[in-house]
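This report goes through a protein structure in short sections. Please keep the sequence and the model in view while reading.

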Amino acid sequence: MLQESFPTPDQPQETLTVDQAIANLGSAEPGRRYYAAWWLGRNRIKNSGAVTVLIEALTDEVDRTEDGGYPLRRNAARALGKLEDPQAVPALIQCLDCEDVYVREAAAQSLGMLGDIRCVPALLKLLEGGVEAAQSVPGKPHLVQPYDAILEALGDLAAREAMAEMAPFTAHPMPRVRYAALRAMYQLTGETRYAEELTQELQAKDLQLRRSALMDLGAIGYLPAAPAIAETLAENSMKLIALKGVLEHHLQTTQGIKLSPEAIQVMDLMDSLL
Amino acid sequence: MIQKLIQEVEEADSADGLLNAVEALAEAHSERAIPTLIQVLGYNNPGAAVAAVEGLIALGEPVVTPLLNQLDGYNYGARAWAVRALSGIGDPRGLDVLLEAAVSDFALSVRRAAARGLGAIHWEKLPTAAIESAQDQAVQVLLVATADPEWVVRYAAVVGLQGLGMAVITQPPDWCAKVSDRLKALIKTDETLAVQARAKLAQQSLDSHL
């Protein structure tokens with residue numbers, strides 16, 4: 001994920017109803033709109049009225065940051081990923097062309113969550129130029145594209161046609177981008193070398209990187225990493241989330257009503273972290 | 001020797017330095033380290049607090065009274081670490097604190113630790129006449145915790161119920177049927193697959209001992 005600070009909405013802290021939140025997206029106050037978009041996603045309001053106003057908010061021109069960012073579009077794009085409505089896909093694909101990198105990032109993440117492969121060509125377009133073009137923007141804390149979000153989305157979407165373009169990113173100099181590529185390549189190929197390389201990163205010197213590797217291993221549900229996850233130096237809360245991912249992935253891919261020895265082993269590790 | 005290790009904790013001037021000093025003090029396994037280890041819980045240094053909690057758990061019973069004595073005057077963060085230490089020690093004198101924390105603490109990591117701790121109380125340390133009602137209370141609280149909004153607290157509550165069930169396996173009280181029903185319900189209806197699986201494991205473990 002990019003390093004944008006995500007301000008806790010500090011404007012209207014009142015408890016909203018669904019109708020109010022939808023109405024507030026048409027409010028004249030940017031703070032109210034921003035909060036309402038966040039609220040609809042946070043509470044997973046899967047309501048066609050909510051989806052409609054959030055899609056409209058993706059083309060908002062009013063709410064701008066000093067350097068031209070679109071805060072409301074970012075929040076609306078994030079929210080739409082959580083509402084599981086395929087109607088949002090074309091509008092989110094359009095957001096991949098937005099000049100604000102954080103809107104592109106949010107759109108890529110949400111498209112990955114929505115699981116609609118129509119977005120694959122547009123995501124692939126953002127990888128044009130390959131690793132060579134994947135440089136940081138001078139004076140900014142981010143790269144020219146939100147590569148980690150794009151790679152993760154392509155992995156979640158099982159976009160095998162994107163493999164050739166994605167593979168080189170497993171050698172990107174930025175760890176977070178590299179992890180995203182390893183994660184996606186493991187999802188696409190099932191080759192354990194990618195997941196093993198991620199497992200190695202649980203030994204990274206930097207806590208943030210160990211956390212990233214934890215979350216990636218949990219997301220791909222790589223069972224052999226379970227003991228290393230339990231051992232790594234990070235918060236128990238994060239290790240538990242990663243092990244939950246491993247356990248659930250294993251449960252979903254094994255048949256039968258009996259718990260396997262592997263599942264029991266993962267639960268023993270989880271018990272020890274409570 | 002211990003005095004020197006204590007001094008190193010008190011004089012540590014960096015987060016890493018503190019962590020190393022606390023680890024060394026915890027490993028010395030000396031009751032004289034208890035006040036210092038308890039003090040570290042209030043330093044707002046998670047790494048050092050984890051090491052201190054581990055050291056306190058390893059020391060066990062002698063830690064309980066000083067920990068309970070300090071609990072009220074504590075800042076929130078230190079209280080949370082103290083609950084985790086009490087959960088790990090399992091002394092019944094910590095029971096009231098765990099009963100309250102398991103359902104009413106606002107931090108899920110504290111509710112989770114307390115729920116696990118309620119299943120690992122050393123009941124035999126209570127007067128025989130007091131055991132039954134204490135276990136009753138623990139079961140009631142754990143059953144409530146199995147409906148917590150956070151999956152990890154429900155997971156820990158299942159672990160707690162399994163521990164409690166195992167403790168009474170030779171003479172199952174009436175509430176065992178309630179626990180069994182609740183586990184069955186979680187296996188079928190909990191929204192989190194990991195909680196369903198853990199409930200199944202708890203049920204299997206309890207069944208295999210009956």
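A residue is called buried when its relative accessible area is under 20%, exposed when it is over 50%, and partly exposed in between, with a 1.4 Å probe and protein chains only.

## The model

This is a predicted model, in which local features need pLDDT of at least 70, side-chain atom pairs count only at pLDDT 80 or more, and totals for chains, interfaces and linings use all residues. Residues are numbered from 1 along each chain as its sequence is written, chains are lettered from A and ligands numbered from 1 in the order in which they are written, and side-chain values use heavy atoms, with hydrogens and water left out.

## An aromatic pair in chain B

B:Tyr155 counts as buried because its relative accessible area is 0%. B:Trp151 is buried too, at 14%. Both residues belong to helix 10 of chain B, where they sit four residues apart, about one turn of the helix. Helices (H or I, at least four residues) and strands (E, at least two) are DSSP runs, numbered from the N terminus.

Over all chains, the structure has five aromatic pairs. One of them joins B:Trp151 and B:Tyr155 edge-to-face, with 6.2 Å centre to centre and 85° between the planes. Rings of Phe, Tyr and Trp (its six-membered ring) pair if their centres lie within 6.5 Å; planes under 30 degrees apart are stacked, over 60 edge-to-face, and the rest tilted.

## Where chain B meets chain A

Contact means heavy atoms within 4.5 Å. By this rule, 17 residues of chain B touch 17 residues of chain A. The two chains bury about 1500 Å² between them, and 68% of that lies on carbon and sulfur atoms. Buried area is the accessible area (1.4 Å probe) that two parts lose on being put together, summed over both.

There is one salt bridge between the chains. B:Arg198 and A:Asp271 form this link through their side chains, at 2.8 Å from N to O. A salt bridge needs a side-chain nitrogen of Lys or Arg within 4 Å of a carboxyl oxygen of Asp or Glu. On the chain B side, helix 8 (108-118), helix 10 (151-167) and helix 12 (193-209) each supply at least two residues. Helix 12 of chain B gives the largest share, seven residues.

## A loop residue in chain A

A:Ser27 lies in the loop between helix 1 (18-24) and helix 2 (30-42) of chain A. A:Ser27 is buried, because its relative accessibility is 16%. Apart from neighbours within four places in sequence, A:Ser27 is in contact with A:Arg32 and A:Arg33.
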